[in-house]
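Student: I would like to learn how to read the features of a model like this one, step by step. Could we take them in turn, with the general idea before the particular case?

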Amino acid sequence: ACHRSSTASHPSDLTEVFEVTHPFHPLFGHEFELVAYRHTWGENRVMYRDGGGRVCSLPASWTSVAPPDPYVMLSADRSLLRLDDLLTLVHVVQQLSLGETSEGDGGLRSEEV
């Protein structure tokens, strides 16, 4: 697996292989050779080659490259969502509810979702 050492400050300090650790990702548990580590799309991402040789990327936080999420470690899989995730969900549900009840404002309606 690919891990940062406690003093690693640069992607070159990473080993050459990483594992997909996000429990809901279809590649969970698979290992890939690290092609590159970059900050793109507003986040740190790992680049790897898929089975067909194409370069693909994943958020580094979904892999063994990133340090474990402290919330996930402390919750020991007893909680599915972090507080920030729940607040985001509440906001989305509120926006959808507003879109369903107001007409002509361009909001989403339930049949569009």
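This is a predicted model: local features need pLDDT of at least 70, side-chain atom pairs count only at pLDDT 80 or more; totals for chains, interfaces and linings use all residues.

Student: Where is W41 placed, and what is its phi?

Tutor: The general idea is that most residues other than glycine have a negative phi. In this structure W41, although not a glycine, has a positive phi of about 55 degrees, and its place is in the loop between strand 3 and strand 4. Those two strands form a hairpin with two residues between them, and W41 belongs to the turn.

Student: Which strands form the open sheet, and in what order?

Tutor: To read a sheet, one asks which strands pair, where a pair requires at least two bridges between the strands. Here three strands form an open sheet in the order 3-4-5, with antiparallel pairing. Strand 3 (36-40) and strand 5 (55-59) stand at the edges and have a single partner strand each, so one side of each is left without a neighbour in the sheet. From one strand to the next, the twist averages 35 degrees.

Student: How many bridges join strand 3 to strand 4, and which residue is the bridge partner of T40?

Tutor: Five bridges join these two antiparallel strands. T40 has E43 in strand 4 as its bridge partner, while A36 stands opposite M47, also of strand 4.

Student: E43 carries a charged side chain, so I would like to turn to salt bridges; how many are there, and which residue does E43 join?

Tutor: The general idea is that side chains of opposite charge can pair when their charged atoms come close. The cut-off applied is a nitrogen of Lys or Arg within 4 Å of a carboxyl oxygen of Asp or Glu, and by this rule the count comes to two salt bridges. In one of them E43 joins R45, with the closest N and O atoms 2.5 Å apart. E43 counts as partly exposed, because its relative accessibility is 28%, whereas R45, with a relative accessible area of 13%, is buried.

Student: And are D50 and R54, which meet in a salt bridge, buried or exposed?

Tutor: The side chains of D50 and R54 meet at 2.6 Å, N to O. D50 counts as buried at 17% relative accessibility, but R54, at 57%, counts as exposed.

Student: Next, how should I read aromatic pairs, and how many are there by this rule?

Tutor: One looks first at the distance between ring centres, which must lie within 6.5 Å, and then at the angle between the planes, where under 30 degrees is stacked, over 60 is edge-to-face and the rest is tilted. By this rule there are three aromatic pairs. In one of them, the rings of F18 and Y48 have centres 5.9 Å apart and planes at 75 degrees, so the pair is edge-to-face. This pair links distant parts of the chain, since F18 lies in strand 1 (residues 17-19) and Y48 in strand 4 (residues 43-49), 30 residues apart. F18 is buried, with a relative accessible area of 0%, and Y48 counts as buried at 5%.

Student: Why is the pair of F32 and Y48 called tilted?

Tutor: Their ring centres are 4.5 Å apart and their planes stand at 45 degrees, so the pair is tilted. F32 lies in strand 2 (residues 31-33) and Y48 in strand 4, so the pair ties together parts that are 16 residues apart in sequence. F32 is buried as well, with a relative accessible area of 14%. Ring pairs thus link F18, F32 and Y48 into a cluster.

Student: Finally, which residues form the nonpolar patch on the surface?

Tutor: The patch consists of L81, L83, L86, L87, L89 and V93, which together have about 540 Å² of accessible area. V93, for example, has its place in helix 2 (residues 83-101) and counts as partly exposed, at 44% relative accessibility.

Technical notes: Residues are numbered from 1 along each chain as its sequence is written. Side-chain values use heavy atoms; hydrogens and water are left out. Rings of Phe, Tyr and Trp (its six-membered ring) pair if their centres lie within 6.5 Å; planes under 30 degrees apart count as stacked, over 60 as edge-to-face and the rest as tilted. Helices (H or I, at least four residues) and strands (E, at least two) are DSSP runs, numbered from the N terminus. Buried means under 20% relative accessible area, exposed over 50%, partly exposed in between (1.4 Å probe, protein chains only). Axes are lines fitted to C-alpha atoms, for helices over the stretch in contact, and angles run from 0 to 180 degrees between N-to-C directions. Patches are made of residues with over 30% relative accessible area and no salt bridge: like charges are joined within 9 Å, nonpolar side chains (Val, Leu, Ile, Met, Phe, Trp, Tyr) within 5 Å. Accessible areas come from the Shrake-Rupley method with a 1.4 Å probe; for residues, only the protein chains shown count as cover.
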